Amino acid sequence: MLKKRVIPVVQLMGNTVVKTVNFMNPRQVGDATATVKVFSARSADELVLIDIEASKYSKQPNFDFIEFAAKNCSMPLTIGGGIDSFDTAKKIFSAGADKVLIGSLLHEKLTEVEKIATHYGQQAVVAAIDCRKDKAGYITYSSSGGEKSVSLERHFSNAVECGAGEILLTSIDQEGLMEGFDLELIQESVELSSLPIVVNGGAGNAQDFVECMKFDISGVAASSVFLWEGLTIKDIKSPLRDIQIPLTNF
Amino acid sequence: MRYCKKCLFPETKPDLYFDEAGICDSCRSAERKHGIINAIDWDDQASKFEKLVDGAKKNRKGIYDCIVPVSGGKDSTYQVLQAKNKHRMKVLAVTFDQFDQTDVGKHNIQMLQDIGVDHIHFTLSPRVVKSLVRKGFELVGDPYWVNHVGIFTVPYIFAVNFKIPLVIFGENPQLEYGGPEASRDSFIMDKRWRQEFGGMRGLRESDMVDLDISDADLAALNFPDSDDMESAGAMGVFYGSFYKWDIGLQLPKVEEIGWKRLPNPPEGSWVDYENCDMRFIDIRERIKFLKFGYGRATDQINIELRNGRISRSEGLLLAKDWDGNVSRENEDAFCEYIGIDRGEYLSILDSFVNKNIFDVIDIGVYKLKEERC
């Protein structure tokens, strides 16, 4: 059985760590260097850094900082935000990232994503699928939740089609609230997706991870719970081990 | 970079919020504090505190009404005076030992004996402290991580074990220096506050466990469980949420009884009456300057600016002169204390420099890309 992962997600605006609620009102938390060093010291299973402004304002990713993070990071590093082309992805890999997280480009230019997956391999491409629930069901959004896009089912197919290796599924409705994951969304996604899913958005305590890991997913990602509640990877993994969830040995 | 139109805070300061007029929430809170706009009703706040005091006296299960965490600084000395003389409480002062204590700091701690309160001076194993100072510096750029955690935790350990109902901290930092809206009027200091605002910078006690440091070494830094807090009837509050915090009025009161300032302001600071007990404060504040583009002098000037005792243009000149300055002698002593050489020290500092706002001039020399305004 594949080991399940616990993955911290760090939202960035330039060199500043921020935290949003429902993808809005970014609150400035602190400096990016300290955050990267802390998570590296904790040996999480992976670290995801997302520049939440880059795509919105068509800014280039901060390559110097990615290089710093890659040097200081002992675990796989995934970089998201502002990846608008194969060339940008190439620069991110050159800076030392292990994977790229593709959000808006997956809505706009599938062929470009395909090019990245072909060149760097499926394992290096994570599809960021952000969704909200409305009357018709779950709808995906691009541009950090700014623009409505296709249905969840359609977007899972897009991810497969362009050669992504994994999904980072975020419930915008739950993101930042710390009130638990959207379990209905997870159930539906597990049924719809043929790709492994990492679930994100809503973790408020260690028990939320336990509930989430019971589904057939490859990992759980979280942000606020590390910043405000003060949980560490160790705090989260301990109750998961108690119910025999297969985990890495960190 | 955008700066508050009233004070000198930049937009890079964590947890600072600007309104449409370009004014930061710290300045807006000062207006409320000083009764200019949306005034805080201090009489009402004082009566709320008196109720807490009455409750503590009535319900205490041990021999003390309150704990005042005391560094020996002007604020905590003032709190002790107020708790004992104004509120007539039976006070237990609790100090978390300062690893880099100054002579002035030592004198000021001794003064507690003159005030006449019982006092516990708690010293975490110096071996552990040294290791935590080094890790705090390397990982989050703050040599005082252990002191933040200590002073926001150890008093609660005593509150729970001695069944002391009130732990009285000083100013409410979110009201004085900026913070999310809900936190500005909250007077409670609890575990959640410690995690979110207590200067831990995302680093937790359990992160510190390694080959040299065990869980048991850190036991005194673990915040008591909420069940333990409840059964002891213990809660923590900010005195500055109930009484208007004004250093101009408080300082003469503590000086009158013999509290001493530093001979000169530390490098990077503007006043001689703050951080009197922290020899390496200039190092912490230099890193803050390199991370966010402002330092301790700005914090201090802003307070006087909001109190109407200095103008913004005067303050700006002073901040440019003082912010980020550091004493080479202190740097060398600090390196010796944690056992690193100057090259390592400068490389750790460099890792925290926000290169979006600073140009690198030379090794260890940085200049803000844009002139402060």
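Val129(B), Lys130(B), Val133(B), Arg134(B) and Phe137(B) in helix H5 of chain B meet Phe334(B), Tyr337(B) and Ile338(B) in helix H16 of chain B, where contact means heavy atoms within 4.5 Å. Sorted by class, this contact has six nonpolar, no polar and two charged residues. Here Ala, Val, Leu, Ile, Met, Phe, Trp, Tyr, Cys and Pro count as nonpolar, Asp, Glu, Lys and Arg as charged, and the others, Gly among them, as polar.

All this comes from a predicted model, in which local features need pLDDT of at least 70 and side-chain atom pairs count only at pLDDT 80 or more, while totals for chains, interfaces and linings use all residues. Residues are numbered from 1 along each chain as its sequence is written, chains are lettered from A and ligands numbered from 1 in the order in which they are written, and side-chain values use heavy atoms, with hydrogens and water left out.

Back to our pair: H5 (residues 126-140) and H16 (residues 328-338) of chain B have axes that come within 9 Å and cross at roughly 120°. Helices are DSSP runs (H or I, at least four residues), numbered from the N terminus, and axes are lines fitted to C-alpha atoms over the stretch in contact, with angles from 0 to 180 degrees between N-to-C directions. H5(B) and H16(B) are therefore oblique to each other; angles under 35 degrees count as roughly parallel, over 145 as roughly antiparallel, 65 to 115 as roughly perpendicular and the rest as oblique.

Elsewhere in chain B, have a look at helix H14 (residues 296-306): eleven of its eleven residues are buried, that is, under 20% relative accessible area (1.4 Å probe, protein chains only). They pack against H1, H8, H12, H13 and H15 of chain B. After H14(B) comes Gly308(B), with a positive phi near 75°.

Over in chain A, Ser40(A) sits in helix H1 (residues 32-42). Ser40(A) is buried too, at a relative accessible area of 8%.

Now for the two chains together. Their contact takes 24 residues from chain A and 30 residues from chain B. Between them they bury about 2000 Å², 44% of it on carbon and sulfur atoms; buried area is the accessible area (1.4 Å probe) that two parts lose on being put together, summed over both. Arg27(A), Gln28(A) and Lys37(A) supply 28% of the area chain A buries against chain B, more than any other three residues. The chains also share six salt bridges, each a side-chain nitrogen of Lys or Arg within 4 Å of a carboxyl oxygen of Asp or Glu.

Key. Helices (H or I, at least four residues) and strands (E, at least two) are DSSP runs, numbered from the N terminus. Buried means under 20% relative accessible area, exposed over 50%, partly exposed in between (1.4 Å probe, protein chains only).
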